[in-house]
Amino acid sequence: MGERDVTSLHDHEQRQRFARALLDDIAVLDEMVRAGALERGQRRIGVEQEMFLVRPSGRPAAIALEALEQLSDSDVTTEIGLFNLEHNVAPRNLAAGCLRSLEADLHAKLAEIRAVAQSLGADVCLAGILPTIQLADLTLANLTPLPRYRALNEAITRLSGGAVRTLIQGRDNLQLALDSIMLETCNTSIQLHLQVDVEELPRIYNLAQLVSGPAVAVAANSPLLLQHRLWHETRIPTFEQSVDVRSTGDRQRDSWQRVHFGDDWVGSDILDVYRDQVARHRITLMGETGESSREVRARGGVPSLRALSLHNGSLYRWNRLCYGVTGGRPHLRIEHRPIAAGPTVVDEVANCAFFLGMVLGLEASGVDARREFAFSDAKSNFIVGARYGLESSMRWLNGRVVPVKELITSTLLPLAREGLRGAGLDESECSRYLDIIAERAATGTNGATWTLDAYNSLGNVPSRCAKAGVVTRAMMARQWSNDPMHTWTPITAEERESWTDHCATVGELMTTDLFTVREDDLLDVAASVMHWKHIRHVPVLNDQDELVGLISHRALLNYLISAANGAALSTAQDVMATDVTVLSPLDSCDEALRVLQRTGMGSLPVAHEGRLVGMLSERDFLPLVRRARGHPLPGTTG
């Protein structure tokens, strides 16, 4: 996402020029590969570390631009959301000490970024998906105001028909329709890059695909999205759906999503990856490409292939092929994208070590994924690993389906250890990171399981948002010690009870388990619902699911009196109040309480963009009052 001077596709002639440049870039790259012009004999790794900026409460902090003003290094840059940053770590040779130096560099830069964030009243959180993000955060006000992001948002929403739709089913189900790409801002990762010789790329790329299933299962760290418990690595379906612009016809033909795993192994020509992307995906972004890549190549220069990089940058294979230039030498590399950010730096490096070791170990053992394994099984392993994490089972090279914890312990860890040794890493460096993977498999604990256990333990915390706040603050309290996540203690009683100390917004107090009626429902239905569920206010929705009114217990009593006098009121629409004050989930609790007192309403609806998301009543404030008076919450000790 580094290119800034880009536009979306309005100018027909410019679009044609860009398409021509894109085709030229692929042709020139093909010439360079055949001529042996790409760097050889050098294996390197690098990473991109994404992160969230958060307030002390754990809520997202939209301060990226302010933070960047104080950060002098160009290796820290923006992401799509104003509460995200990205650190591009300098590449290093794949050799002894490379993982330890990677860990040290990540620590040093994160410490610098945290210091700047703290000077702005915020902090940094490493999480695949920040548990505290609410739907009300996913607005264009939080889109980083740079041309590339605006152009990408415009292109994706236009191609999707104005609504980006999401349906993810897990323990909870989440269904959304957003008018922007802002759901993508919920995701952060640590993206690992591996540079190898171009002749080796097809085989190694396929091996990267083969091991992606167990790699994502052991590294899963994103079980919550908008306070819904979904997949263990919910980033996978979230990202795939957040930029899915396929038409109904495209879906019926099983056309590729812009974010996808693939449908087959790569053949002997690695550039088919790029050709497929041009053949299967419309251009969504373009920009000035500068001097023709053919002209640069003809005079002996190294072309930037900017058109190819721009198009490739708007497509997101989970293992993506990237072209780059290092020290004046062009190369191709694999970008492994499924690994979630966090929970700690040492956990992240362990995840990278496990992936690298598996790929290198399989390469050394002579495995050819195309000949020895069905691609459909590799793809199934990836989906199952993302959905169930360490609780999944996978098919491996021997044809057996085994629990992934057994597969990791018996087969993949020894393979990874041999792969890292073959790259020159000594035993202590291998053990520092692979022993973490072994302990996760032995205990069945990764970031996803810890987060879910923590969230599920908060039965006395009244709302999903408040629970997410407790979990996020507990994560942040633990992750900077750099103790591996599998050693983390569970949520403490003090942490559980402290939710009221940080409760600041309506979203953290409101009730989301709601009972509603339609405006043309019989009033008897509304009366029955209120009686059965012991509630005093019922929201009224229209056929478009928009909030149109509120029926109060008092209005219902007035109706009964009128009905006794022969009035002919019969539907919810006849009784509901339409001039109702509506709260936002991001309104402060103090302001909401003043509104309740000023209006004399015992309960008010909470809506986001006209859609009902909750109800807030005076009763919801009781835990805050009890805590302020020094009393423990009901059902807790204290």
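1. Secondary structure and overall form. In this predicted model, the protein chain contains 24 helices and 23 strands. Its radius of gyration is 27 Å, close to the 26 Å that the globule rule gives for 638 residues, so the chain is as compact as a globular protein of that length. Along the principal axes, the C-alpha atoms fill a box of roughly 95 × 60 × 50 Å.

2. Of the 638 residues in the protein chain, 58% are buried. Among contacts with a separation of 6 or more, 74% are between residues 24 or more positions apart.

3. Surface and charge. The accessible surface of the protein chain is about 25500 Å², and carbon and sulfur atoms contribute 47% of that area. The chain carries 65 positive and 80 negative side chains, with the centres of the two sets 2 Å apart.

4. Aromatic pairs. The count comes to eight aromatic pairs. In one of them, Phe 239 and Tyr 316 have ring centres 4.9 Å apart and planes at 45 degrees, so this pair is tilted. Phe 239 belongs to helix H6 and Tyr 316 to strand E14, 77 residues apart. Both Phe 239 and Tyr 316 are buried.

5. A further partner of Phe 239. The rings of Phe 239 and Trp 318 have centres 5.9 Å apart and planes at 75 degrees, so they form an edge-to-face pair. Because Phe 239 lies in helix H6 and Trp 318 in the loop between E14 and strand E15, the pair ties together parts 79 residues apart in sequence. Trp 318 counts as buried because its relative accessibility is 1%, under the 20% cut-off.

6. The aromatic cluster. Ring pairs link Phe 239, Phe 261, Trp 265, Tyr 316, Trp 318, Phe 375 and Phe 382 into a cluster.

Conventions
Residues are numbered from 1 along each chain as its sequence is written. This is a predicted model: local features need pLDDT of at least 70, side-chain atom pairs count only at pLDDT 80 or more; totals for chains, interfaces and linings use all residues. Side-chain values use heavy atoms; hydrogens and water are left out. Helices (H or I, at least four residues) and strands (E, at least two) are DSSP runs, numbered from the N terminus. The radius of gyration is taken over C-alpha atoms; the globule rule is 2.2 Å times the number of residues to the power 0.38. Buried means under 20% relative accessible area, exposed over 50%, partly exposed in between (1.4 Å probe, protein chains only). Contact means heavy atoms within 4.5 Å. Accessible areas come from the Shrake-Rupley method with a 1.4 Å probe; for residues, only the protein chains shown count as cover. Lys and Arg count as positive and Asp and Glu as negative; His and the chain ends are not counted. The place of a charge is taken as NZ of Lys, CZ of Arg, CG of Asp or CD of Glu. Rings of Phe, Tyr and Trp (its six-membered ring) pair if their centres lie within 6.5 Å; planes under 30 degrees apart count as stacked, over 60 as edge-to-face and the rest as tilted.
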